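Here is a briefing on one protein chain.

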Amino acid sequence: MLDDISVKAGDEIQFSLVTSNATAGFVTIRNTESGEFASIPVSGPALCGQGAEWMVELAPTSNGTYIPLANFGVLNFKGAVAGLKNGGAADPTSSDAVLYDLVRNGTRYTETAVGRFNARIRYAQ
C-alpha cells in the first residue's frame, strides 16, 4: 500500500529496484511532478539476474472475474533498463526481450511499441 504518494493523470513516475543482495532490496517510486516518493522493502527467492518487466495488466478478483481496465490513454516508460550480471544493460529492444499485448477473450486492450530504453503502451479500446 502506498499511502505516502499520490498520482494524477499526466504525472511522470519513476520506479527503481535497488538490491542489497540477491534476495533483498527496495523499490522506490517517485512522482517527479510533486516530489513525493515512497520506498518499499522487497524480498524474494531471487531478485537479481532473473528478469525485468514493465507492464500493465488486468487485475483478477477473488471470484475469477477481472476488474475492468480503465482507459489510461498512453503510458510511456522512459529509461527502461535492466542491469546485467556482466555490467551491461538490457532494454526493451534487446534480442531476449519478449513483448506481449493484453488480449482477453479475443479483445485487444493494449498496443505496445518499443525503442531504445523506452516502451509505449496505448489503450486500444
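Predicted model: local features only at pLDDT ≥ 70, side-chain atom pairs only at ≥ 80, totals over all residues.

Residues are numbered from 1 along each chain as its sequence is written, and side-chain values use heavy atoms, with hydrogens and water left out. Helices (H or I, at least four residues) and strands (E, at least two) are DSSP runs, numbered from the N terminus. Two strands pair if DSSP finds at least two bridges between them.

**Sheet β1-β2-β3**

- Strands β1, β2 and β3 make an open sheet of three strands, in that order, with antiparallel pairing.
- β1 and β3 (37–43) are the edge strands; each has a single partner, so one side of each lacks a neighbour in the sheet.
- On average, neighbouring strands here are turned by 20° against each other, direction ignored. Axes for such angles are lines fitted to C-alpha atoms, for helices over the stretch in contact, and angles run from 0 to 180 degrees between N-to-C directions.
- β1 and β2 (residues 24–31) run antiparallel and are joined by eight bridges.
- A hairpin of two residues connects β1 to β2.
- Asparagine 21 has alanine 24 of β2 as its bridge partner.
- Serine 16 is bridged to threonine 28, also in β2.

**Sheet β4-β10-β9**

- Here three strands form an open sheet in the order β4-β10-β9, again with antiparallel pairing.
- β4 and β9 lie at the edges, and each pairs on one side only.
- From one strand to the next, the twist averages 15°.
- Six bridges hold the antiparallel pairing of β9 and β10.
- Threonine 110 sits opposite tyrosine 123 of β10.
- Strands of a sheet pair through backbone hydrogen bonds, either parallel or antiparallel.

**Salt bridges**

- A salt bridge here is a side-chain nitrogen of Lys or Arg within 4 Å of a carboxyl oxygen of Asp or Glu.
- For accessibility, buried means under 20% relative accessible area, exposed over 50%, and partly exposed in between (1.4 Å probe, protein chains only).

*Arginine 122 and glutamate 111*

- These side chains form a salt bridge at 2.5 Å, N to O.
- The pair links distant parts of the chain, eleven residues apart: arginine 122 is in β10 (residues 118–123) and glutamate 111 in β9 (residues 110–115).
- Arginine 122 is partly exposed, at 28% relative accessible area. Glutamate 111 is partly exposed as well, at 33%.

*Glutamate 12 and lysine 78*

- Their side chains meet in a salt bridge of 3.5 Å, N to O.
- This pair also connects distant parts of the chain, 66 residues apart: glutamate 12 is in the segment before β1 (13–21), lysine 78 in β4 (residues 74–78).
- Which accessibility class does glutamate 12 fall into? Glutamate 12 is partly exposed, with 34% relative accessibility.
- Lysine 78 is exposed, at 63%.

*Aspartate 11 and lysine 8*

- Aspartate 11 and lysine 8 form a salt bridge, with the closest N and O atoms 3.3 Å apart.
- Is aspartate 11 buried or exposed? Aspartate 11 counts as buried, because its relative accessibility is 17%.
- Lysine 8 is exposed, with a relative accessible area of 57%.
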